[in-house]
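Please read them alongside the sequence and coordinates.

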Amino acid sequence: TYVRGGAFIPTAKPMQSTTEYNGNTFDLNYYFDASVTESERTLYNDDGSTKNAFGKGNYEILEFEAETSNNNLELEFEAEIGVNYSASTKQIDVIIHNFPKVPKRIKFNRKKIEFNYNEVSKTLTFQVNWNTSKEVEAQIKY
């Protein structure tokens with residue numbers, strides 16, 4: 001499989017049927033490429049049962065943005081919440097592929113967080129809890 005450098009690919013957790021889908025828990029795959037200085041992606045979500053959910057304001061649009069400069073990667077998380085939808089807390093497993101080396105530190109909302117780095121697969125993983133009513137940022141210094 002080929003993936004464009006700088007791509008965000010959100011994926012749902014494994015499930016047996018769509019009735020088990022939970023939009024509050026997912027993996028966010030980011031494909032790091034130091035030559036890509038900016039990248040962004042949006043993810044649309046609604047309750048799955050309301051007809052014309054977008055037109056009725058019963059939706060959320062999650063926005064992910066990456067900025068790379070001087071051995072620093074920043075991931076920004078922002079949400080647009082429809083007028084008839086409620087902000088919620090998302091539990092996101094962030095998986096950064098092709099990351100060049102072990103980070104010096106990762107901060108989420110200015111607080112250091114735990115992470116794992118696999119030198120063989122060059123994969124960096126960490127977990128964030130994000131209340132979509134606020135814009136947040138992860139800073140990765142490497």
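**Surface charge, salt bridges and core**

1. Lys101, Lys104, Arg105 and Lys112 together form a positive surface patch. The structure under review is a predicted model.

2. The salt bridges number three. In one of them, aspartate 27 pairs with lysine 13, with the closest N and O atoms 2.4 Å apart. Because aspartate 27 belongs to strand β2 and lysine 13 to the loop between β1 (8-12) and β2, this pair ties together parts 14 residues apart in sequence. Aspartate 27 is buried at 15% relative accessibility, while lysine 13 is partly exposed at 27%.

3. Lysine 13 also meets aspartate 93 in a salt bridge, at 2.5 Å from N to O. Here the linked parts are 80 residues apart, with aspartate 93 located in strand β6. Aspartate 93, at 22% relative accessibility, counts as partly exposed.

4. Glutamate 60 and lysine 90 form a salt bridge at 2.6 Å, N to O. The former lies in strand β4 and the latter in strand β6, so the pair ties together parts 30 residues apart in sequence. Both glutamate 60 and lysine 90 are buried.

5. The largest nonpolar core has 26 residues, and those touching the most other members are Leu73, Leu75, Phe77, Ile96, Phe99, Phe126 and Ile140. Strands supplying at least two core residues each include β4 (59-69), β5 (72-81) and β10 (123-131). The largest share, four residues, comes from β10.

Methods:
Residues numbered from 1 in each chain as written. Predicted model: local features only at pLDDT ≥ 70, side-chain atom pairs only at ≥ 80, totals over all residues. Heavy atoms only, no water. Patch = residues over 30% accessible without salt bridge, like charges linked within 9 Å, V, L, I, M, F, W, Y side chains within 5 Å. Areas by Shrake-Rupley, 256 points an atom, 1.4 Å probe, with all protein chains shown as cover. Salt bridge = Lys/Arg side-chain N within 4 Å of Asp/Glu carboxyl O. Lys, Arg positive; Asp, Glu negative; His and termini not counted. Charge placed at Lys NZ, Arg CZ, Asp CG, Glu CD. Core = buried A, V, L, I, M, F, W, Y, C linked by side-chain atoms within 4.5 Å. Buried < 20%, exposed > 50% of the residue type's maximum accessible area, 1.4 Å probe, protein only.
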